[in-house]
Amino acid sequence: MVDYVRYLDIFWTFPDKNVVKDKTYLEYIENLFDYLSVFFKRRQPLFNHEDTFNQFEMDFDRDWISGTFAPVGGYDEEEAKKEADPLYCKYTRKKFNSASVYQGYQQGKNYKRAKAWYETTYKQMMLVETKINRIAGLLAEQIEATKQNIEKKQARHYVENEADMEEDSDVESSSDDEEEIRMTKANYPVGWDGNPIPYWLYKLHGLGIEYKCEICGNMSYWGRRAFERHFQEWRHAHGMRCLRLDNTKEYHEITKIQDALELSKKLKDLKSRAHWDDEQMQEFEDAEGNVMNKKTFMDLRAQGLV
């Protein structure tokens, strides 16, 4: 059992190798493709739908006939090794001990029944899975928007568990500069509707991790997103101006005043080294083809040597 957001991540990749692929499964994926195709036509009314869907099938038939077809979920290493074994029957997924036993089995009803199922029902399943995977690629933007919309709806309801808050109150951060502390009800973050956000969302965005910025006057920022965003906000820009420094990308992630000043000195040193020096960098060539810098050339010319 998976939640809806997780389902939106995997419904078109078919990662589960253990799913039972029977008539019920075929009915499910056919209904799924019908839904997606109708939705796609509604979202993209000017798109050439029929040619696109026909191309899906033509590409599948080409790969199936040539023997290069691979399921959407792919083969694992063990399955690929079995497929390469001449004694392995892909229709029944059985390996035989000898070629004679395998040849004898091929004359039986079970083999013919399995082969017929593989070439009809199984082939249809693989075709529909491929079509779902291809059309989901065209709908990637809408799928992502749906996931975000669901998360917003979930964030509207306060589902925090007090027991979880107690258990997670002493969580330690992996960095010396990042310390997660337990939020109290007074400063617990709220959503757009004024209600406290769900605890899972609080944990997901790391809103219990405090980032301090000395340049901003030891201001605290909660969560990585707010911390990264603050470098372009007025408070940090004002702090940089007070230090007589430009608020450029080189200073991103710098929060200590001393670190910022030391970095400024290093940048100035690099800039001075990169400055053009005519005496040393400008090249001259004498009549014999010898190349030298300007200072050397002028000295030799003053002595009448060039």
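**Close-up 1. Aromatic cluster and the Phe96–Tyr102 pair.** Phe60, Trp64, Phe69, Tyr91, Phe96, Tyr102, Tyr105, Tyr111, Trp117, Tyr118 and Tyr122 form one aromatic cluster (rings of Phe, Tyr and Trp, the last by its six-membered ring, pair if their centres lie within 6.5 Å; planes under 30 degrees apart count as stacked, over 60 as edge-to-face and the rest as tilted). The model is predicted: local features need pLDDT of at least 70 and side-chain atom pairs pLDDT 80 or more, while totals for chains, interfaces and linings use all residues. Residues are numbered from 1 along each chain as its sequence is written, and side-chain values use heavy atoms, without hydrogens and water. The whole structure holds 21 aromatic pairs. Phe96 and Tyr102 are both buried (under 20% relative accessible area; exposed is over 50%, partly exposed in between; 1.4 Å probe, protein chains only). Their ring centres lie 5.0 Å apart with planes at 15 degrees, so this pair is stacked.

**Close-up 2. The tilted pair Phe40–Phe53.** The ring centres are 6.5 Å apart and the planes stand at 50 degrees. Phe40 belongs to helix H2 and Phe53 to helix H3, 13 residues apart (helices are DSSP runs of H or I, at least four residues, and strands of E, at least two, numbered from the N terminus). Relative accessibility is 2% for Phe40 and 8% for Phe53.

Close-up 3. His236 is buried, at 0% relative accessible area. Beyond its neighbours within four places in sequence, the contacts of His236 (heavy atoms within 4.5 Å) are Cys213, Ile215, Cys216, His230, Phe231, Asn247 and Ile254.
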